Amino acid sequence: MKKASVILDKAYCIGKVDPRIYGSFIEHLGRAVYGGIYEPGHPLADEKGFRKDVMDMVMKLGVPVIRYPGGNFVSGFNWEDSVGPVEMRPHRLDLAWYTTETNEVGMHEFADWAKRCGSEVMYAINLGTRGPEQARDIVEYANHPGGSKFSDMRIKNGRKEPLDIRLWCLGNEMDGPWQMGHKTALEYGRMANEAAKLMKWVDPSIELVACGSSSSEMPTFGDWEYTVLNEAYDNIDYLSLHRYYANPTNDTPGFLARSMDLDEFIRTVVATCDAVKGKKHSKKTINLSFDEWNVWYHSNEQDKEIWKRDKWGRALPLLEDVYNFEDALLAGSILITFLHNADRVKIACLAQLVNVIAPIMTRNGGGCWAQTIYWPFLHASRYGRGVSLNAIVDTPVYDCADYDNVPYIDAAAVMNPEDESVTVFCVNKDMSEDFELEIDLRSFEKADSGANLRLAEHIMLHHDDVKAVNTEQASDTVTPCAGPGGSITGGKACIRIPALSWNVLRFC
Ligand code: AHR
C-alpha cells in the first residue's frame with residue numbers, strides 16, 4: 001500500500017468558503033427546462049407544471065445559486081419575450097442551439113421555481129445582440145419597487161414585490177466567435193462597463209460578473225482578461241471563468257490530471273486581476289466566478305445527428321452526456337481545487353443542472369435519477385461549508401502526457417468554526433493501489449476536556465470499472481457507500497483510501 005499524508009492546522013486557513021461555489025446553471029437549452037424542471041402533465045408535476053421529483057433532487061444538492069437563462073442562448077434572447085401572459089409570448093428561433101424557444105417558462109416562473117428550491121437566481125443579460133439600454137431596463141423590471149415603466153410592467157404581470165435579483169452576469173462568453181454578437185476584448189470591456197454603470201445606477205446593491213475567457217485554451221486568454229478588467233474594473237465585482245474537460249483518447253490518468261490545469265487557470269486569472277488592481281492603484285479586489293465547469297464530450301456526435309434530423313425542434317435532447325465513474329472522480333478533484341482557492345473563487349456553477357451536461361437526468365413522462373457526478377457535488381455542498389484549511393499534502397506523484405508530477409492524492413479540508421469539526425475530501429487517482437493516508441489533526445486536540453476528534457463517517461464513491469454509468473433502470477450502479485475508515489491515535493488519523501476513489505472523511 002502506498003503512503004501519503006496531510007497536515008492540517010486549525011489556525012492555517014485559506015479563507016471562508018462562499019457557499020455560492022456550490023452553484024449550478026440552467027440554460028434554455030435541450031431538455032434542461034422543458035422536459036427537465038418543467039413538464040406539465042407529468043404525474044409528479046405540481047399545479048404549475050414543475051416536476052416535484054426533480055425539485056427534490058435539486059434541493060438535496062443544496063444549490064445556493066442558479067445561473068439562468070444562458071449560456072450561449074442568452075446572447076440572442078430578448079427578456080421581454082419571457083414575461084407577461086404565457087399565451088402572448090412569442091416563439092423564437094434560438095440561433096445558439098438551433099431550437100425553437102416557446103417562452104412558456106420565463107423570468108417569473110423560473111424565479112419562483114428557484115426560490116422553492118432554496119436557490120438564488122444569477123441572471124445573465126444579453127450583451128451579444130443587445131446593450132446597456134436593455135441591461136438597465138431589466139434591472140428596473142426585476143428590482144425597482146414601482147412607479148416606473150418597467151417596474152410597473154412587472155406589477156401588471158402579477159408581481160408586486162421586486163424579484164430582487166442580486167447577482168447578474170454581463171453577457172456570456174463574449175470572446176467566442178460562436179457567440180451571437182461576439183466582440184473584441186476592448187469592445188466588450190467598454191460595453192460591459194457602460195452596462196454595469198447603468199445597472200448599478202438603477203440598483204447599487206447588485207453584484208456584477210464580467211465575462212472572462214470561455215476557456216484557458218482561447219488564443220485571446222490573458223489579453224482578454226487584462227483588457228476587460230482595464231475597462232470595467234471599477235464597476236464590476238467578479239470575473240468569470242469557464243472550463244470543460246474531456247477524455248477522448250481514453251487516458252484516465254491524463255484525464256484525472258486536468259485538475260492541475262484548472263488550478264493553473266485560476267491562479268493565472270487571479271494574477272491578472274491583481275495586476276490590473278496594481279496598475280490602477282485600486283483598493284478593490286476582483287474575485288472569481290467560475291460560472292461554468294464540468295466534463296463535456298460524451299454527447300458531441302449524438303448532437304450532430306439530432307440537428308440533422310430535427311433542426312429547430314422544441315426541447316431537443318441536446319448535450320445529454322451520460323457520465324461515468326472517472327468523470328465523478330474529476331468532478332471531485334475540481335471541487336477540491338475550488339476549496340484550495342476559496343480565498344478568490346467565490347462563485348462556481350456546475351454546468352448544468354438537469355439533463356444538459358447535468359448531474360440530474362429525467363425521462364419525459366418517466367423517472368429521474370442521479371448521474372455519477374451528482375455524488376461528489378452533493379457531498380461537497382453538504383459537508384464543505386465553513387473555512388477552507390490549508391491542507392499540506394505529501395503524496396507520491398505520476399507523469400502523464402500533459403503534466404509531470406501529478407499528485408496521486410488530491411485533498412482539501414473544511415472546518416466548521418462553530419464546533420471545530422473537520423471534513424477532508426480526498427481523491428485517490430492511482431489506478432491500482434490503495435493508499436494509507438495519515439491526517440495530522442493534533443491542532444484540534446483539546447487537552448483540557450480530552451474531547452478529541454473522531455472519525456464519524458467515511459463516505460466513499462468507487463467502482464471497479466471507470467466507465468460505469470447510472471441509468472434509469474440501474475440508477476445505483478455508481479453510488480456512495482461506507483469507506484474502509486481507519487483509526488486515530490495521538491491526534492493522527494490513519495485512513496485507507498482505496499485505488500480510484502472519492503472520499504469524504506468527517507471528523508467530529
Ligand atoms: O453549457 C453549455 C454551453 O457551454 C453554454 O451555453 C456556453 O456558455 C458554453 O460554451
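Is C400 buried or exposed? At 16% relative accessibility C400 counts as buried, where buried means under 20% relative accessible area, exposed over 50% and partly exposed in between, with a 1.4 Å probe and protein chains only. This is a predicted model, in which local features need pLDDT of at least 70 and side-chain atom pairs count only at pLDDT 80 or more, while totals for chains, interfaces and linings use all residues. Residues are numbered from 1 along each chain as its sequence is written, and side-chain values use heavy atoms, with hydrogens and water left out.

A search of the whole structure for disulfides, pairs of cysteine sulfur atoms within 2.5 Å, finds zero. C117 takes part in no disulfide, and the nearest cysteine sulfur, that of C368, is 12 Å away; C117 counts as buried, because its relative accessibility is 6%. C400 likewise is in no disulfide, the nearest cysteine sulfur being that of C426, 18 Å away.

Turning to the ligand, the residues that come nearest among the 13 around it are E27, N72, E173, Y244 and E292, a residue being near if one of its heavy atoms lies within 4 Å. The shell around the ligand divides into six nonpolar, four polar and three charged residues. An oxygen atom of the ligand lies 2.7 Å from an N or O atom in the side chain of E173, and a ligand oxygen atom is 2.8 Å from a polar side-chain atom of Y244. For the side chain of N172, the distance from an N or O atom to an oxygen atom of the ligand is 3.0 Å.

Technical notes
Polar contact = N/O pair within 3.5 Å; in protein donor to acceptor, adjacent residues only side chain to side chain. Nonpolar A, V, L, I, M, F, W, Y, C, P; charged D, E, K, R; others polar.
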